[in-house]
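The points below are meant for someone looking at it for the first time.

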Amino acid sequence: IAHKLEMFNSFANLINRTRRSDLGPFCVRKSFTVEIPFTEAQQKLHDELVSFCETAFRLGNEAAPIGFMMTTVRRQLASCVFGLLPFIEDWLMKKIVALEENDTAYEEAEIKKLGDIMMQKAECITQLARQLNSDDPKFDKLLEILKQKQNLENNKVMVFSSFRHTLAYLSGKGNAAGLRCKLVQGDTPDEERLH
């Protein structure tokens, strides 16, 4: 469904066609999707974090389009739970601070109580994140695909992500697994991209 919705984007055909015509025979793009379910612990962390953010957004502005605001949060979590771990604690604290600063709809005592409840939830989520074991079925499947690709004549692979935390995680994990990985982001200087 998500793929079909993305195709409604008025630029979808233009961008793909332009990119392919610019590349010519240099690069054949073969995209496919492999669905890997969360482990039980990852699913619990996902659900708790989504619930926390939905509550924080609602408390910040009840009229806000919560579904739309949650899109990025859900995409980040689906992209890479492990890559997001270093940012979870900071992210949660920002939501609590924003709640405490929003005193228009609540009395001071209510804000303190809500803040305490949200702080407890944030601590619970942080603990769940810290307790995740290193079992990562998504990376294991990616590694399997990359190793299969290494047996082909054209064995170079580019992995794209919208999120820096995912790229940093995959690069580190890939190098640790014996792959030769180079992390390229928007701020990577041109001379470094050539190597």
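The numbered points go from the overall fold to single residues.

1. Overall make-up. This is a predicted model. The protein chain holds nine helices and zero strands, so the order of elements from the N terminus reads α-α-α-α-α-α-α-α-α. Of the 195 residues in the chain, 29% are buried. The accessible surface of the chain is about 14200 Å², and carbon and sulfur atoms contribute 54% of that area.

2. Contacts along the chain. Among contacts in the protein chain with a separation of 6 or more, 65% are between residues 24 or more positions apart.

3. The largest nonpolar core. In soluble globular proteins, nonpolar side chains tend to be buried together. Here the largest nonpolar core has 32 residues, and L45, L49, F52, C53 and I88 touch the most other members. Helices α3 (40–60), α4 (66–79), α5, α6 (108–131), α7 (137–150) and α8 each give at least two residues to this core. The largest share, eight residues, is supplied by α3. Leaving out residues up to four places away in sequence, I88 touches L45, L49, I125 and A129.

4. Helix α8. Buried residues in α8 are H165, T166, L167, Y169, L170, S171 and G174. After the helix comes G178, with a positive phi near 95°.

5. Aromatic rings. A pair of aromatic rings is described by the distance of the centres and the angle of the planes. The count of aromatic pairs is one. The pair is formed by F82 and Y169, which are stacked, at 5.7 Å centre to centre and with 10° between the planes. F82 is buried because its relative accessibility is 11%, under the 20% limit. Y169 is buried as well, at 16%.

6. Cysteines. A disulfide is a covalent bond between the sulfur atoms of two cysteines. The whole structure has zero disulfides. Is C80 buried or exposed? C80 has a relative accessible area of 6% and is therefore buried. C181, at 28%, is partly exposed.

7. Q76. This residue is in helix α4. Q76 counts as buried because its relative accessible area is 17%. Which residues does Q76 contact, once neighbours within four places in sequence are left aside? The contacts of Q76 are L84, W91, F163 and H165, and H165 is also one of the buried residues of α8.

8. R193. Helix α9 (residues 190–193) contains R193. With 37% relative accessibility, R193 is partly exposed. Setting aside neighbours within four places in sequence, R193 contacts V184, Q185, G186, D187 and T188. From R193 to K182 the C-alpha to C-alpha distance is 8.6 Å, and the two are 11 residues apart in sequence.

Key: Residues are numbered from 1 along each chain as its sequence is written. This is a predicted model: local features need pLDDT of at least 70, side-chain atom pairs count only at pLDDT 80 or more; totals for chains, interfaces and linings use all residues. Side-chain values use heavy atoms; hydrogens and water are left out. Buried means under 20% relative accessible area, exposed over 50%, partly exposed in between (1.4 Å probe, protein chains only). Helices (H or I, at least four residues) and strands (E, at least two) are DSSP runs, numbered from the N terminus. Contact means heavy atoms within 4.5 Å. Accessible areas come from the Shrake-Rupley method with a 1.4 Å probe; for residues, only the protein chains shown count as cover. A disulfide is a pair of cysteine sulfur atoms within 2.5 Å. Rings of Phe, Tyr and Trp (its six-membered ring) pair if their centres lie within 6.5 Å; planes under 30 degrees apart count as stacked, over 60 as edge-to-face and the rest as tilted. A nonpolar core is a set of buried Ala, Val, Leu, Ile, Met, Phe, Trp, Tyr and Cys residues joined through side-chain atoms within 4.5 Å.
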